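Let's take a walk through this model together. Keep the sequence and the 3D view side by side as you read.

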Amino acid sequence: MNTTLTSIKGVRVGNSTHLDKLTGCTLIVFDKPTLTSFKAFGGAVASYNTTAIQNGSNDIKVHGIFLTGGSTYGLGAVGEINKYLVEHDVFSQTYTMKNIF
């Protein structure tokens with residue numbers, strides 16, 4: 001029995017792992033914009049564009065979530081993700097991804 005995120009209808013998951021550098025990235029994509037919530041724990045947590053979804057205190061829907069290593073290089077992955085979203089005309093509920101550049 002599949003009890004992972006991939007067992008949820010409308011959720012796709014992909015990842016890339018670089019064992020030689022002990023880092024990786026996981027991308028969770030929703031087939032349709034979905035309500036989400038964000039809470040970070042730890043001493044030096046970094047995040048990107050998460051203020052609006054912290055603690056579930058909103059009605060903003062997102063197209064996906066990505067998780068990376070916590071370094072500056074991990075957060076650098078957002079550049080390629082945003083590039084893909086703009087190139088494929090993916091929009092959020094309240095603004096176009098093009099407006100954040």
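A contact means heavy atoms within 4.5 Å. Where pLDDT is low, the predicted coordinates should not be read in detail.

This is a predicted model, so local features need pLDDT of at least 70 and side-chain atom pairs count only at pLDDT 80 or more, while totals for chains, interfaces and linings use all residues. Residues are numbered from 1 along each chain as its sequence is written, and side-chain values use heavy atoms, with hydrogens and water left out.

Across the protein, the mean pLDDT is 75, and 80% of residues reach 70 or more. Confidence is highest in β1, at a mean of 86, and lowest in helix α1 (residues 72-75), at 70. Helices (H or I, at least four residues) and strands (E, at least two) are DSSP runs, numbered from the N terminus.

## A hairpin

Now find strand β1 (residues 11-18) and strand β2 (residues 23-35), which pair in the antiparallel sense over eight bridges. Two strands pair if DSSP finds at least two bridges between them. One of the residues to look up is S16, whose bridge partner in β2 is C25.

The two strands, β1 and β2, form a hairpin with four residues between them. In the turn, L22 has a positive phi of about 55°.

Which residue forms a salt bridge with D31? It's R12, with the closest N and O atoms 3.0 Å apart. D31 sits in β2 and R12 in β1, so the pair ties together parts that are 19 residues apart in sequence. The structure holds one salt bridge (a side-chain nitrogen of Lys or Arg within 4 Å of a carboxyl oxygen of Asp or Glu).

D31 is exposed, at 53% relative accessible area, whereas R12 counts as partly exposed at 49%. Here buried means under 20%, exposed over 50% and partly exposed in between (1.4 Å probe, protein chains only). Beyond its neighbours within four places in sequence, R12 is in contact with L27, I28, V29 and D31.

## The nonpolar core

The largest nonpolar core has five residues: V11, I28, F30, I53 and V62. Such a core is a set of buried Ala, Val, Leu, Ile, Met, Phe, Trp, Tyr and Cys residues joined through side-chain atoms within 4.5 Å.

Take F30 from that set. Leaving aside neighbours within four places in sequence, F30 is in contact with G10, V11, T36, V62, H63, G64 and I65.

Conventions:
pLDDT = per-residue confidence, 0-100.
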